[in-house]
Each structure stands twice: as structure tokens, then as C-alpha cells.
Amino acid sequence: SLPQVSIVGRPNVGKSSIFNWLAGRRLAIVDDMAGVTRDRMTFLINEKDRYFEIVDTGGIGINDVDELDEEIEHQIELGIQGADVLMFVVDARDGITPLDRSVAKRLRKLEKPVLLVANKCDGDNWETQASEFFALGFGQPILVSAKNNRRKSMLTEALHESL
Ligand code: GDP
Ligand code: MG
């Protein structure tokens, strides 16, 4: 089967936006509100004559903030099934949040390659802020903006190299 890249991260960081951006189509639901029930979505990407499958896992719906940890656990479980690489998405504008740390902790246990991606780097001057994500333990993040189409090829090349 094809190598699989699963997009994981806390709600609202832009996982589905990145998924759609890479797909070049609006396949997954993008929402301002965390907790919309979404299915596991996949599409195939071709980078330098190699195909791999990208997976977006929205997880189950949540309305209660107290259930966020559970939600993330569930989402990661869905995402990691069969995953060869985890694309760990964080929000450059928010910096590291407790939920990011929670995700990082779970990902570390998996012992699979993790590609750290800081989304919402819409303008310039994100390098300084985004460098704090190094502390999550997955190296320097790739700084992207799904909204403003920034550094897409850097992301797909990094995916290619991580496989
Ligand atoms: P998910 O919950 O991680 O799947 O996040 P979504 O893809 O649903 O996006 C959550 C919110 O972030 C939506 O309002 C998106 O429009 C917004 N968003 C996604 N990517 C970007 C980005 O690069 N820049 C900005 N400013 N907003 C973004
Ligand atoms: Mg989503």
C-alpha cells in the first residue's frame, strides 16, 4: 500500500485547511468552531514521481472544552492507524498551548517520523515566534500559510523526504 501521511493536531490549527490546500480542492470541512463531526478524509498526492496518501481526521464532535483531551486522543488514534508519517500542525499565532503539548506527548510515544508544521504564517516576520515550537521536540517547524498559499512546495518536499 501507499505511504500514508496523517495530519494531526489540536482543533482549529488549520489541519483541514492544509489538507484541502495540498489536495487543491475543498474536500474537508473547514470550520471556525471546533467540534464539527467529520469523517476521515484521504487523497493521493504525487511528489517527484512518488505517490502518498494524505489523511485528515477531524475526529468526533465536541461541545465541551473538558472533552478536548479526549477528542484529541480519539483524533490521533484515527490518524495514526496505518500512518507512516505524522504531520503535526500548530498555530503560529497562538504559540505553544497546553493542548499542543498534550499532542506532542502522545506523538512521542508512537516512535514514528513527525513533521512539525506551523500554520497561519500569513505574513512575514513569523520566524521568531515560530522558533518557540522547537521546544516541542520535533525540530524546527515548517512555516506555512494555507490561507495565503505560502511555502507549499517546501511542505511537499519535506513530506517527500520524510518518507
Ligand atoms: P482544523 O480544526 O485543525 O481542521 O482547522 P480548520 O482547517 O477547520 O481551520 C480552522 C480555522 O483556521 C478556520 O477559520 C480557517 O479558515 C483558519 N485557517 C486555516 N489556515 C489558516 C491560515 O493559514 N491563516 C489563517 N489566518 N487562518 C487559517
Ligand atoms: Mg479539521
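Before you click, some housekeeping. This is a predicted model, in which local features need pLDDT of at least 70 and side-chain atom pairs count only at pLDDT 80 or more, while totals for chains, interfaces and linings use all residues. Residues are numbered from 1 along each chain as its sequence is written, and chains are lettered from A and ligands numbered from 1 in the order in which they are written.

**Stop 1: ligand 1**

Select ligand 1 and the 17 residues around it. A residue belongs to this shell if its C-beta atom, placed from the backbone, lies within 6 Å of the molecule. Which residues come nearest to ligand 1? They are G14, K15, S16, S17 and K147. Colour the shell by class and you get 4 nonpolar, 7 polar and 6 charged residues. Here Ala, Val, Leu, Ile, Met, Phe, Trp, Tyr, Cys and Pro count as nonpolar, Asp, Glu, Lys and Arg as charged, and the others, Gly among them, as polar.

**Stop 2: helix α1**

Now pick residues 15–23, helix α1, which gives the most to the shell around ligand 1, with 3 residues. Helices (H or I, at least four residues) and strands (E, at least two) are DSSP runs, numbered from the N terminus. Is α1 mostly covered or mostly open? It is mostly covered, with 8 of its 9 residues buried. Buried means that 20 or more other C-beta atoms lie within 10 Å of a residue's own; exposed means 12 or fewer, partly exposed is in between, and the C-beta atoms are placed from the backbone. The buried residues of α1 are K15, S16, S17, I18, F19, N20, W21 and L22. Step past the helix to G24, where phi is positive, near 70°.

**Stop 3: strand β4 and its partners**

Select residues 85–91 for strand β4; 5 of its 7 residues are buried, so the rest of the structure largely encloses it. Two strands pair if DSSP finds at least two bridges between them. On one pairing, β4 runs parallel to strand β1 (residues 4–8) over 4 bridges; show I7 and its bridge partner M87. On another, β4 runs parallel to strand β5 (residues 114–119) over 6 bridges, and here F88 has L116 as its bridge partner. Trace the chain from β4 through helix α3 (residues 98–110) to β5, and you follow a right-handed β-α-β crossover. Right-handed means that, with the strands pointing away from you, the path from the first strand over the helix to the second runs clockwise.

While you are in β4, click V85. V85 has 19 C-beta neighbours inside 10 Å, so this residue counts as partly exposed. V85 touches V5, K112, P113, L115, L159, S162 and L163, leaving out residues up to four places away in sequence; contact means C-beta atoms, placed from the backbone, within 7 Å.

**Stop 4: strand β5**

Move on to β5, where 6 of the 6 residues are buried, so it too is largely enclosed by the rest of the structure. Show the side chains: V114, L116 and A118 point one way, and L115, V117 and N119 the other. In a regular strand the side chains alternate between the two faces of the sheet.

**Stop 5: the core**

Stay on V117 and bring up the largest nonpolar core, 36 residues, in which M87, F88 and V117 touch the most other members. Such a core is a set of buried Ala, Val, Leu, Ile, Met, Phe, Trp, Tyr and Cys residues joined through C-beta atoms within 7 Å. Elements that each supply at least two residues of this core include β1, α1, β4, α3 and β5.

**Stop 6: two loop residues**

Finish with D49, in the loop between β2 (40–47) and β3, and K120, in the loop between β5 and α4 (127–130). Neither is a glycine, yet phi is positive, near 65° for D49 and about 70° for K120. Which is buried and which is exposed? D49 is exposed, with 6 other C-beta atoms within 10 Å, whereas K120 is buried, with 23.

Note on methods
Two residues are in contact if their C-beta atoms, placed from the backbone, lie within 7 Å.
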